[in-house]
Amino acid sequence: MFDLMASAETSANQPDREPSSREMMLAALQRARAGFGEQPRLKGEILLDLGHMLGRLGADEESAQALRESMGLLSGHAPAEDPALNNARARLAELAQAEGQSDAARGEALTVVGRCQEGAGCASARALARVVLCNLELQAGHPDEAYAHMRLSVHDSAKGFANQSAEVAMAWKNLAVVA
């Protein structure tokens, strides 16, 4: 990942200023898009991670584009039950929900829950998908269904992450809020 970010240069106009995290991630995204020609699955996984990080940095448009590119690559080069593919699908469900596309969000989230069953990678993808489903049920006025999805999200978070991780603590907090 360091090699991908190494192309982030200081500006000629501001040579004393170090590149920001966002600039480094955007440089990494540019390099990832240009590389990995013979490894589309790896490229898809890298775009997935960069898309997620860019979203955390507030680069929403670039994040969405990277996540969609990732999904395109992974859907063509990974089996339906693959954790990375389903993580991309869960992140796109989250994005669709944020954009008000409830049907698309529900469809992607339900696909993750149905296809990704084994291992920690699948558990973390299911946890995110179940948060999306919980939010959709809350928006539809179905608190009991929302609570059921969030309980399952806590269970999946504990399986997908270390039990003492921040993700599991956040899942428990979310469950308390929904309850």
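**View A. Who sits around Lys43 in this predicted model.** Skipping neighbours within four places in sequence, Lys43 is in contact (heavy atoms within 4.5 Å) with Ala32, Arg33, Gly35, Phe36 and Leu73. Lys43 itself belongs to helix H3, residues 40–56 (helices are DSSP runs of H or I, at least four residues, numbered from the N terminus).

**View B. Lys43, buried and without a salt bridge.** Buried here is under 20% relative accessible area, with a 1.4 Å probe and protein chains only. A salt bridge would need a side-chain nitrogen of Lys or Arg within 4 Å of a carboxyl oxygen of Asp or Glu. What the Lys43 side chain does reach is the backbone oxygen of Arg33, at 2.7 Å.

**View C. The one disulfide in the structure.** Cys116 and Cys122 are joined with an S to S distance of 2.0 Å; the cut-off for a disulfide is a pair of cysteine sulfur atoms within 2.5 Å. The link of Cys116 and Cys122 is left-handed, with -90° about the S-S bond. Both Cys116 and Cys122 are buried.

**View D. Cys134, in no disulfide.** The nearest cysteine sulfur to Cys134 is that of Cys116, 20 Å away. Cys134 counts as buried because its relative accessibility is 0%.

**Notes for all views.** Residues are numbered from 1 along each chain as its sequence is written, and side-chain values use heavy atoms, leaving out hydrogens and water. Since the model is predicted, local features need pLDDT of at least 70 and side-chain atom pairs count only at pLDDT 80 or more, while totals for chains, interfaces and linings use all residues.

Note on methods:
Buried < 20%, exposed > 50% of the residue type's maximum accessible area, 1.4 Å probe, protein only. Helix = DSSP H or I, 4+ residues; strand = E, 2+ residues; numbered from the N terminus. Lys, Arg positive; Asp, Glu negative; His and termini not counted. Polar contact = N/O pair within 3.5 Å; in protein donor to acceptor, adjacent residues only side chain to side chain.
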